[in-house]
Amino acid sequence: MTIANREHFLTNIASRLGRSPSKEKPKRIWKYNPQAMVLKDYSQDELVQVLVKQCANIHTAVMTCTVEELPHTFQKAMESYGNGTGIYSKDPRFGDMGLTSLLTLNPALHEWDYEKGNANIKMAEQANIGIVISDITLAESGTIVVQTSKDNGRTLSYLPSNSIAIIPKSTIVPRMTQAAQQLRANPVTASSIHFITGPSNSADIEMKLVVGVHGPIRMTYLIVEGI
Amino acid sequence: MSMKISNEQFPNRLEENIQNEFMRNAVSSAQHRFQTRRAAAAEQLGNWEEWRNHGEEIRQHVLANLDYYLYELSENVVKQGGHVFFAETAEEANDYIVSIAKKKQARKIVKAKSMVTEEISLNDHLEQAGCEVIETDLGEYILQLDDHDPPSHIVTPALHKNKEQIREVFAEKNGYTQSSVPEDLALHARQVLREHFLTADIGITGCNFAVAETGSICLVTNEGNADLVSALPKTQISVMGMERLVPTFEEMEVLVSLLTRSAVGQKLTSYITVLTGAKKALEVDGPEEFHLVIVDNGRSSILGSEFEPILQCIRCAACINVCPVYRQIGGHSYGSIYSGPIGAVLSPLLGGYDDYKELPYASTLCGACTDVCPVKIPLHQLLLKHREVIVEREGRAPISEAALMNAFGFGTASSSLYRFGSKMASAVMKPFGNGETISNGPGPLKAWTDIREFPAPNKERFRDWFEKHKKEGDHS
Amino acid sequence: MKISLFATCLVDLFQSNIGKSTVELLERLGCSVDFPKGQTCCGQPAYNSGYVKASRDTMKHTIRTFENAQYVVCPSGSCAYMLKEYPHLLEDEPYWQERAQMLALKTYELTQFIVDVLKIEDVGAKLEGTATYHPSCHMTRLLQVQSAPITLLRHVKGLEVIELPLKENCCGFGGTFSVKMSAISEQMVDEKVASIQSTGVHYLVGADAGCLMNIGGRMKRQNLQVETKHIAEILNMV
């Protein structure tokens, strides 16, 4: 944990600004606040509609269901990717949503287990499907937010060929503004916070959109009511 | 590669690129797509001007308090277990990064797209130190494979290449045998690069925005390559231009929204990733060691000068995508990795007038760039400011032009001189035309009449007509 | 209404017909037009080339020349904008800045003046044919006059106005840019001419003599049949 060359560097900057270096936090006072107006006063149901509509723009399949229906809907989503091997985060919310037996009884599915070390990455690399639960969901852009931890690796969201994200309806907020506020209020910041909006893509070749470059090639959102 | 991408003189670069028909078609169709998508994304919000104002005030606030926020950022990176290196020059930055590579005995380095690392020629230095450096952004990868062809656009660097050319590069360098369909080409890159991600020793990223309050680095991509670069290798190094930071997550999200809408017309790109420090205890993936390199490389001398607003830039390329000059000449004509209006302002500041003094004149001052800039940089006014500095402070203007312009100032500041001069114009110009237009103009007019007709001076000046007209009016 | 005409140097020297049309048009609309004889140029050629000091005397001269005017009307969006920029450009000379401010407040581009001040949308002009309008950059983006010329053209009896494709792209004039960077300028004006040709119109209309000299000069060189007209000339056809 080192900081090198800081003093000279900052003194130079401050002198360009016509003063000595400051260690006093400036007040952030803004005249404008346009971000607060987006989807303002939308009900949770209206936000779901916005989210569902946005999925068409981001090449993402979307299904909505109740908690009771979730096991069935989840199986349909898995089938749509041809089942096969999968990896999912170690998350108590899977139990809350009644998915424990589906996940644990299927020998092709693996739970991220930090005690197994790099074997998790290998599993993610070979997995057909990666399964995560969104912590915060942005209706406007159709974005899930995943915070990594010892139980939820970074590569789980990136290496599998397909991705299924379970979105508890209660996690849906209008846009990134609310997510930024929530994350800012957290006492501990995760080492990696991923705002993921559909599958990976690129338009680097002749401006033609190719879906599926380095990350997942296809993605499905399951929006779950009642949780 | 460094910021400078060509040793040719500006007129030669121009000539070569103006004749590149594929490039020009690619640029005009790309501009069309970018413009349409950006306009729709801005329109959708309904209050785009307010967003721009907010973006501007955030960036100005950061620049006004830059020393504080860099201090806060560095404190928080260290609190999260990272290292911070402040590099005043490109050399210092490169030396530091090479020293880490040596310490780690790194053989393979994967990189996510980063303009600042191009600016400081980082890859050359790492390669000289014996490392294999692999660019993982699809566009950058193509260029690197094609014997380091320079980027021609700051967001889509391989814009000037077509899919056939890319297929040939893949075939020649990687033994690729599939089609030139973009999906096939991308799949090939995915397979090749996946292996590199998994076996690299160091991952290097740029930084779209650093967040002072948490010591975080925010990376914006559509491909997901930056995420793999920062998830798999044991050591991560992020390199940032010293001005690319924000106070908190709340300002970060506003600028990210402005960036993605302005750059590609998306509400958000597929991956916005916020990395904070090294991986935490018991985490399986993520780097064990995190280094943040904060680069000045000429930026501090812009701070506090009349060009300071250029440091507000968030590298969205919206100005490039509307520029009618870039449209005709493409990115390589600028001779710098920074092209278009942002390049014409920034390149002379970072690289000097010796190499870049023509760029501020390669603009009609049409103002399209200023209009679209999401953080309200007065780009065309900064181009004018460059011209003023070149003429009045640097004294680099051609003597003939200076004489002409001073005579202009003299002549137009005096009614009688102007009237005399304007009366003479008709007589002086008479031999060059047919009475209506001039086809072979003398002196400075030649460049005009090489391309177009020039109107012959009025036989009767407007002011003489007006006088007669008034008299007639008085009689009636 | 008493107005003072700022004709611009291009009109005074090379395009007197635009000046004549402007005067006749304004008189027909009930204005009394005066032409302060001391006027020269707005200063852009020097200013835009970086000769800021040289342009300052020109600016001050123009300020003095129009000191007594009630309204200053100018048949050029670019030059009108330049006059409106004076206060900003002279901000380190408070005495002149204040006088510049007075000038800026009473300065109007011609079509802006007709629509916003005279409140006239139909000037009673008639012309059979088709036209397309090139919105010049300074007028559109910097002066922010966008709808007035279109409104006026749409009311010309017999004239069909066809939208110009890629109209927002600069024509490549840019003052000294047109000669200094002639290789680029040529490409730009060629694309503009191609857009105009694609509309198949009789008239190309604009509100800035500079842009029209550029586009019109190129079309003339190529012997194209499209006629180049300043909007004042069109609006003066009765």
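Because the model is predicted, local features need pLDDT of at least 70 and side-chain atom pairs count only at pLDDT 80 or more, while totals for chains, interfaces and linings use all residues. Residues are numbered from 1 along each chain as its sequence is written, and chains are lettered from A and ligands numbered from 1 in the order in which they are written.

Chain A contains seven helices and 13 strands (DSSP runs, H or I of at least four residues for helices and E of at least two for strands, numbered from the N terminus). Its C-alpha atoms fill a box of roughly 65 × 45 × 45 Å along the principal axes. Of its 227 residues, 49% are buried (20 or more other C-beta atoms within 10 Å of the residue's own, with C-beta atoms placed from the backbone). Contacts are pairs of residues whose C-beta atoms, placed from the backbone, lie within 7 Å; of those in chain A between residues at least 6 apart in sequence, 75% join residues at least 24 apart.

Chain C has 13 helices and eight strands. The radius of gyration of chain C, taken over C-alpha atoms, is 17 Å, close to the 18 Å given for 238 residues by the globule rule (2.2 Å times the number of residues to the power 0.38), so chain C is as compact as a globular protein of that length. Within chain C, 61% of the 238 residues are buried.

In chain B, helix α2 (residues 21-45) packs against helix α12 (residues 249-264) at about 145°, with axes 6 Å apart (lines fitted to C-alpha atoms over the stretch in contact, with angles from 0 to 180 degrees between N-to-C directions). Here B:R37, B:R38, B:A41 and B:A42 of α2(B) meet B:R261, B:S262 and B:V264 of α12(B).

Key
A residue is buried if 20 or more other C-beta atoms lie within 10 Å of its own, exposed if 12 or fewer, and partly exposed in between; C-beta atoms are placed from the backbone. Two residues are in contact if their C-beta atoms, placed from the backbone, lie within 7 Å.
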